[in-house]
Amino acid sequence: MQRDAFSPACNPGFLDTLTWDETRAAALGRQALRDGRFAWLAGAVAAGYPTTAQGLNRLVRGASKPPLSLVPASACAHPRHGLFLLGILADGQQLFVSVAAGKAALPQGFGRPLCQRESSAEGRAVTVRLFPVDLSRLRAFLAEVAPAYAPAVPSRPGLGLGCRMGVLDLPVALQAVRKFDLCASVVQSSVYRELAPLADLTKLPLPQIDLPGVGLVPLGHTGMSITGQYVAMMVERIRLGDPTPMAVDADHLPLRAASGAGQRLARRLVREAADRSLFTLDPHFCFYGGDGGLMRAMAEGRVADVEAAFRARFSPGARRDLLGRYAGKRFRVPDPAGRKDLAVALSAPEVADCAVRFQEPLAAIEDAAAEIRRVKGKTPFAIEVSVDEVPGMSEPHHFYYLCAELRRRKIPSFSLAPGLGFSKLDVDVRDPEGEFATRVRILAGISKHFGAVMGIHSGDGKSVPTRRILAKATGGNFWYKISPDRQRTFFRSLGLSPATSEGGRLFQEVYRSALARVIRLASGASDDQTARVARQTLAAVAAGRGLSREVSRGITRLLSGAKPPRASAWEELARRVASAPARRVPGAPDDNIVHDYAFATVSERDGRGRFRFRGRFFSLSDEGLRLYHRLDAAYLRDLVRSLDLDR
């Protein structure tokens, strides 16, 4: 199959192979092997390699021509396995190219090549072999040929850099890590939201997830599978010849229950993400065993309900043990700024509340951690435990209890992420210097007391003053995560491109599609949160500069009518917008459509399962991507400096 920009198979990060048509790859590979291009390179390998990297690069370039282009930066010379490098076929497929002299052994796991050719050079037999680039061979390559490219385990404060645009995000992130000597996860995505198992992404209709305020979007809304993203990002790093240490994060791995379907899903996702070096476990789904009434009980003053659940769910001995360990005690934790120690105290009702709140989450974390240890074997890894995806800021006694119980269960955590009141709409903190900073200090002190950095999630959309307050309040002991901000920068760069360029035209189409979707969402009931947010978005957009007067008036009429419009009226407007010419809906790169809704267009597919837009993002020219990379570099530079990580 030729590369098809609309086919998921040809889109980087979807399949866990970059050789999607092995029959065609073998045919093109045999054609390349027959033309004698490898003679000089084979001779050099047989003679013991050139004395300089430049000499090897010249030989690689000399062997590079259609239908097989070689990537000099990817060359890895191994004393036992010979020379390995990446090759790119005329149809875009990628191959591992092996040039080995004498009795050089292939790495375990490479299996049979697609094709090979033997010759003689410098009196020695030399074999050139071409292999698919897929998950199993990538694992073998990282384990035996070039372990410097394998994921690193985070070991100090730093950044989690979301990569919703896949390989387009990698070069600038690696540059930032090198420039500022950062500890960072350069590959970071939510494994059952932004990503999904490949088997789930090949089903039609696609599974849907409901995001608060945004509505239903396809599972894996980046268009990448868990294993596909790993293959694409790691191979891109090899292609760039950049072994800068970086972590790879299985972010927000959902722990929905400690048994049954929730447990099976968590274990499945751990296995899918087995190659990653950081596992962020998110158990908020099963707080209070999933009982929403108990979750509200303490806030509503229904202490008796919590104590009844405590008696019902814990044996007398377990209750005595927990109360004896925590109730009526003051636990000292360090102040991150080095001032006088802070204290956390728990009353008996608060201990009961903590026990009921975290009983199932702790069991689910234990089970997931055991599964991670099983799949990782002797390979090092780190765990982050995150409880940030609930409304409001974490209470200190809740956070202390959770951290203490993780330690008691011998679950070491690199990062512990409390709730900081941040929403997925990524708005800034209104008063970051008041109670917010005080609460952050004690939560950060708890994390430090238990030997962890404090995770700061949903760090997108925060102002420079807020970031500086976070850095100061945590004493620099944090793991600060961002994700959608960089994707918003990508869409913004398209919107700032000339209107007649491919990037400009693509922005206009994406904007119209996202706007039409928001119009359809606005047709929901008046008490529906998603519909309410959509209508607020439309009101702001209609007053902005992304629409013609005619389209703005059409939206305003529906929003300001005496009676709620019929669903058919919203649908008719959505159809008109989707098919409107660019002059009527030019779009604005900085408005709410881009900020909150454009991301969902990345994974949009037609009735045949073909991507509507995604392939075109990866077909943009270097010129078309230059503005994005410049804006992305500026964003990351400002992020690093505002968090005081540039020292």
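A: Let us begin with proline 205, which is found in the loop between α6 (198-201) and β10 (208-211). The peptide bond that joins leucine 204 and proline 205 is cis, with omega about -5 degrees. The model is a predicted one, and every value given here is computed from it.

Q: Where is another cis peptide bond, and what is its omega?
A: Proline 66 and proline 67 are joined by a cis peptide bond with omega about 5 degrees. Proline 67 belongs to the loop between α3 and β1 (68-70).

Q: Why is tyrosine 49 called partly exposed?
A: The relative accessibility of tyrosine 49 is 26%. Buried means under 20% and exposed means over 50%, so tyrosine 49, at 26%, counts as partly exposed. Tyrosine 49 sits in the loop between α2 and α3, and its phi is near 75 degrees, a positive value in a residue other than glycine.

Q: What makes tyrosine 288 buried?
A: Its relative accessible area is 1%. Because the limit for a buried residue is under 20%, tyrosine 288 is buried. Tyrosine 288 lies in the loop between β14 (278-282) and α9 (292-297). Its phi is near 55 degrees, which is positive in a residue other than glycine.

Q: Which residues of helix α2 are buried?
A: In α2 (residues 39-47), the buried residues are Leu41, Ala42, Gly43, Ala44, Val45 and Ala46. The elements that cover them include α3 (53-62), β3 (82-89), β4 (94-101), β5 (115-121) and β6 (124-132). Just after α2, glycine 48 has a positive phi of about 105 degrees.

Q: Which residues of helix α4 are buried, and what do they pack against?
A: Helix α4 (residues 135-145) has Leu135, Arg137, Leu138, Ala140, Phe141, Leu142 and Val145 buried. These buried residues pack against β2 (76-78), β3, β4, β6 and α7. As background, an α-helix has 3.6 residues a turn, so residues three or four places apart point the same way.

Q: Why is arginine 268 called partly exposed, and where is it?
A: Arginine 268 has a relative accessibility of 25%. With neighbours within four places in sequence left aside, arginine 268 is in contact with Pro197, Ala199 and Asp200. Between the C-alpha atoms of arginine 268 and phenylalanine 285, 17 residues apart along the chain, the separation is 17 Å.

Q: What closed arrangement do the strands form?
A: The 8 strands β7-β8-β13-β14-β17-β18-β19-β20 make a closed barrel with parallel pairing. On average, neighbouring strands of this sheet are turned by 25 degrees against each other, direction ignored.

Q: Which strands does helix α13 lie across?
A: Helix α13 (residues 396-408) lies across β17 (382-386) and β18 (415-417), and runs at about 150 degrees to β18. Helix α14 (residues 435-449) also packs on the sheet, where it touches β18 and β19 (453-456); its direction makes about 130 degrees with that of β19.

Q: How many cavities does a search of the whole structure find, and what lines the largest?
A: The search finds 3 cavities of 30 Å³ or more. The largest cavity holds about 50 Å³ of space. Its lining consists of Phe287, Arg357, Phe358, Val387, Ser394, Glu395, His398 and Phe399. Two or more of the lining residues come from each of α12 (348-376) and α13. By type, the lining divides into 4 nonpolar, 2 polar and 2 charged residues.

Q: What is the volume of the second largest pocket, and which residues are closest to its centre?
A: The volume of the second largest pocket is about 710 Å³. Of its 27 lining residues, Gln94, Val167, Glu236, Arg239 and Phe618 are the closest to the centre. The elements α7 (226-240) and α23 (622-642) each give two or more residues to this lining. The lining is made up of 16 nonpolar, 6 polar and 5 charged residues.

Note on methods: Residues are numbered from 1 along each chain as its sequence is written. This is a predicted model: local features need pLDDT of at least 70, side-chain atom pairs count only at pLDDT 80 or more; totals for chains, interfaces and linings use all residues. Side-chain values use heavy atoms; hydrogens and water are left out. Buried means under 20% relative accessible area, exposed over 50%, partly exposed in between (1.4 Å probe, protein chains only). Contact means heavy atoms within 4.5 Å. Helices (H or I, at least four residues) and strands (E, at least two) are DSSP runs, numbered from the N terminus. On a 1 Å grid over the protein atoms alone, a cavity is a set of points where a 1.4 Å probe fits but cannot get out, and a pocket is an open set with protein on both sides within 12 Å along at least five of seven lines; lining residues have an atom within 4 Å of a point. Grid points are joined across faces, edges and corners, and a volume is the space filled by probe spheres set on the points. Ala, Val, Leu, Ile, Met, Phe, Trp, Tyr, Cys and Pro count as nonpolar, Asp, Glu, Lys and Arg as charged, and the others, Gly among them, as polar. Two strands pair if DSSP finds at least two bridges between them. Axes are lines fitted to C-alpha atoms, for helices over the stretch in contact, and angles run from 0 to 180 degrees between N-to-C directions.
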